[in-house]
Amino acid sequence: MEGRKSHPLLSGGNLKEKPKYMHGFSSSQIQSLAAVCEALIPSLPTNGVNQISDDNALYSYYTSSASQTPFPNETAELMVKRGIPKAVLVVSLVLKFLSTRIGTLLMCGSTCLDWKWPFIHKFSELSINKRESILQKWSRGTLVLPLRTVFFMLKVTCFYTFFSLTDEKSQNPAWEAIGYHVEKVEISGQPEKERPLEKGVIETEKENELTLRESLVQKGLKVTENPKDHSTLNIECDVVIVGSGCGGGVAAAVLAKAGLKVVVLEKGHYFTAEDYSGLEGPSMNEMYASGGIFSTLDGKFILLAGSTVGGGSAVNWSASIRTPDHVLQEWSAEKKISMFGGDEYQSAMDEVWGRIGVTENCVEEGFQNQVVRKGCENLGLKVEGVARNSTENHYCGSCGYGCRKGEKKGTDSTWLVDAVNDGAVILTGCKAEKFLLVKDKNLEHRKRCKGVIATVESESESESTRMKLHIEAKASVAACGALFTPPLLVSSGLKNKNIGKNLHLQPVLFAWGYFPESGSQLKGKNFEGGIITSMNKVITGEPNFRTIVQTAGFGPASYAVFLPWVAGKDMKDRMSKYSRTALLFTLVRDVGSGEVREEGRVSYKLNKFDEENLKAGLRQCLRIMIAAGAAEVGTFQNNGQRLECEGVGGEDVEKFLEKVMAAGGPSSGGQYWNTYASAHQMSSCRMGADERDGAVDGNGESWEGKGLFVCDGSVLPTAVGVNPMITIESTAYCISKRIADYLDKEKQT
């Protein structure tokens, strides 16, 4: 917060060359990479452009280049750290080729030829115009798709690095020119003397073998050293929960309140409102899975999933929407899951609604939501307010990086606080490896789950420690989210065919609209105000909606990642308009599904029906922004599809919209492609009436492991079609009550 020092992990100061990098690229590869970065984000002449020459920030922005230090090395570092290994290998090989003359000829064709010695030029020796032309061919080419994948990876990591790195004053050189700044947050009252979870949290990354054991005992746990392995601690509790997000946080509170000793394992760090910096780069790196650069295997989707205490509830955009009635009807009647059909679930939603402080009014809407409201009203479309788990006057556009005002009520400030007040213990920096499943003579067709094996690692100036924890529990709960629960169950030896299958992503496509500040009635910037406070349900002729339109809360680096690149100057011009560019998205309740059985390896196939709904939603986004008075609108398709709105009539608009489609991803064979996003992953361990239909039963319990439960978005029978926080927390509430009943019965028998 303003006047407070943010957590070191969330602070800036990385805009300088490091003494050593771990990416493993050679100097010649980095030279080729720098040449690529320069073509993507070039230094441009400003002669004769008075608006630029007279503005120091704009002048600096247009004359800067991504080839300047430390951007090439930081781009390589990010790519190796976050990219899919096979794709990184291809990029590495291409950069090797580009560092030689013959290799450049193979990769780039006749563009590198010259009549003068040496006749063939390396990529870095080519003029910037020729390099730009080569990258354009790679982006649009359909014959050699691996080169398109290489282009995509280079573009994503280069853009993200260029717009997210900050100096020691937490400033990025481009931000002033594009109209961006980290919002100032005023201090309200005195800082908390004690962090909300202090009495129950153990940050294992700060512990060594001796202090970790002492801390566990102080929290009321029975701890012994494993006689066979001195680096393993045995811990006893009633319930162990892996994950602290919407599912795990609720489960911890309900079960601790029932008088059970609960241990929560969280691989991420614990941050509070005072720790948050609002800086996109370090916040994404520390609070999102794979630093927010987590893609499906084909690169079509970028997946956003929380990875911190509070999980997705700590970094989501606050939208609080009850499970639609038609979805509950489908789950209870068609899927035969009774939990969703009666008063139990409705009461759970009421409990959740109250505990996380949901409010249904918004005192002041930000720029982007004003666009949605005005556009819908001008078109005669119904616009609905979106409830939020924050105060009515919450005006914060950076909640995706943790709410610095402390007004958003994620599980880290609600359910988990309840849990530690009732004796629960939270271990951060702790990664579960597998559940312990053992044979039980009293169980004929299944094993009994006895707990979990986890690892913790800590590092100080003097030593590094790696310890194994053997946590014995009467009930074990997987609540890692739909992307990480299935791999954990698979690594534990579970065989049910539904584990990791049926993954729904609620696919998202984006559209943009530029609203010049002069003469506009819509005030503010796209990063100010509540992120989602209004939405439109797209009517497509079906009895129930499947597609919605909402607004996105992207910082400049994330926005640039999705931005189509057609040329260096076009990119800089487009980014210079960032702060007054509204970003709308369409989201579908998908029928198509994917698979995740190994950590970090996600596949997904978009259904034709979903493509049509996405297309309808994308066109709706554009209509709304045109009706709201946009000067220019466009999609994020790779060819830079856009429409200048001034003086354009309805017939021209419809002609433009007819060309708007839900194109494939970068590895598709089509000439045009998009980058999709997903922040709502679910159903990869879905509930089922029997083991043929689901990975778990109607109580969330594994068919194969007695005492092993799943309690997160992965149990939802299908996609829900709206922001799923309320649905996941309500489902977790019901499952947790049933776990408590199960343990009570086990105790009696």
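Figure 1. Patches here are built from residues with over 30% relative accessible area and no salt bridge, joining nonpolar side chains (Val, Leu, Ile, Met, Phe, Trp, Tyr) within 5 Å and like charges within 9 Å. A salt bridge means a side-chain nitrogen of Lys or Arg within 4 Å of a carboxyl oxygen of Asp or Glu, and accessible areas come from the Shrake-Rupley method with a 1.4 Å probe, counting only the protein chains shown as cover. This is a predicted model: local features need pLDDT of at least 70 and side-chain atom pairs 80 or more, while totals for chains, interfaces and linings use all residues. Residues are numbered from 1 along each chain as its sequence is written, and side-chain values use heavy atoms, leaving out hydrogens and water.

So who's in the patch? Leu89, Leu93, Phe97, Ile102 and Leu106, with about 510 Å² of accessible area together. Helices α5 (85-98) and α6 (101-108) each give two or more of these residues, and α5 gives the most, with 3.

**Figure 2. Zooming in on Phe97.** Phe97 sits in helix α5 (helices are DSSP runs of H or I, at least four residues; strands are runs of E, at least two; both are numbered from the N terminus). Phe97 is partly exposed, at 36% relative accessible area (buried is under 20%, exposed over 50%, partly exposed in between).

**Figure 3. A positive patch and Lys497.** Lys439, Lys447, Lys495, Lys497, Lys501 and Arg597 make up a positive surface patch (Lys and Arg count as positive, Asp and Glu as negative; His and chain ends are not counted; a charge is placed at NZ of Lys, CZ of Arg, CG of Asp or CD of Glu). Lys497 lies in the loop between α18 (485-491) and β13 (508-514), and is exposed, at 55%.

Terms used
Buried means under 20% relative accessible area, exposed over 50%, partly exposed in between (1.4 Å probe, protein chains only).
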